[in-house]
Amino acid sequence: MATAELNGAAIKDFDSFHAECKAAMGFPDGYGNTMDAWVDCLSYLRDDDSMSKFKLKPNEVLEIVIKDAPAMKAAVPDILEEITYCVAGLNERYEDYGEKPALKLTLR
């Protein structure tokens, strides 16, 4: 399992969330700092699209670990809810294409 760790205590708004994700997941320089761009970058983890530093094998999963998740939940519960929603939607998309879910969200 591949792992990307985000520092939940450092996430105070969407700008800091996207900065954490870009650093942890290797999103490209042209990354748009929006949830649509986030979803796009994580939609093709098993393809050769270079939208992140991760290239998953057919049954491999990327675990997105949010350290200090209680701090993030206290500061920006809406962002945490959005991430949870998007991860579920992305996994559903993978399943629609006949693939295994590619993401796991872990709060620590």
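Predicted model: local features only at pLDDT ≥ 70, side-chain atom pairs only at ≥ 80, totals over all residues.
**Entry 1**

Where does Ser43 sit in the chain? I found Ser43 in the loop between H2 and S2.

**Entry 2**

On to the strands. I see three of them forming an open sheet, in the order S1-S2-S3, with parallel pairing. Which strands are at the edges? They are S1 and strand S3, residues 103-107, and each of these pairs on one side only. From one strand to the next, the twist averages 20 degrees. A reminder to myself: strands of a sheet pair through backbone hydrogen bonds, either parallel or antiparallel.

I looked at one pairing in detail. Strand S2, residues 62-67, pairs with S3 in the parallel sense over five bridges. Within this pairing, I spotted Ile64 standing opposite Leu105 in S3.

**Entry 2: helices on the sheet**

Which strands does helix H4 touch? Helix H4, residues 77-96, packs on the sheet and touches S2 and S3. I noted that the direction of H4 makes about 155 degrees with that of S3. Then I turned to H1, which lies across S1 and S2. H1 runs at about 150 degrees to S1.

**Entry 3: Ile11**

I picked Ile11 next and found it in the loop between strand S1 (2-7) and helix H1 (14-25). Is Ile11 buried or exposed? Ile11 counts as buried, because its relative accessibility is 0%. Not counting residues up to four places away in sequence, I listed what Ile11 touches: Leu6, Ser16, Phe17, Glu20, Met72, Ala75 and Val76. I also checked Ile11 against Thr34: they are 23 residues apart in sequence and 15 Å apart in space, C-alpha to C-alpha.

**Entry 4: two positive phi angles**

A rule to keep in mind here: most residues other than glycine have a negative phi. Asn33 has a phi near 55 degrees, a positive value in a residue other than glycine. I placed Asn33 in the loop between H1 and helix H2 (35-42). Its relative accessibility is 42%, so Asn33 counts as partly exposed.

Asp68 also went into my notes: its phi is positive, about 55 degrees, although Asp68 is not a glycine. Where is Asp68 found? I located Asp68 in the loop between S2 and helix H3 (69-75). With a relative accessible area of 43%, Asp68 is partly exposed.

**Entry 5: the cysteines**

My last look-up was about disulfides, and a disulfide is a covalent bond between the sulfur atoms of two cysteines. How many disulfides does the structure hold? I counted zero. The cut-off I used is sulfur atoms within 2.5 Å. Cys41 is in no disulfide either.

I checked burial for both residues too. Cys21 is buried, with a relative accessible area of 0%. Cys41 is buried as well, and its relative accessible area is 2%.

Key. Residues numbered from 1 in each chain as written. Heavy atoms only, no water. Buried < 20%, exposed > 50% of the residue type's maximum accessible area, 1.4 Å probe, protein only. Helix = DSSP H or I, 4+ residues; strand = E, 2+ residues; numbered from the N terminus. Contact = heavy atoms within 4.5 Å. Pairing = 2+ DSSP bridges. Axes fitted to C-alpha atoms, helices over the stretch in contact; angles between N-to-C directions.
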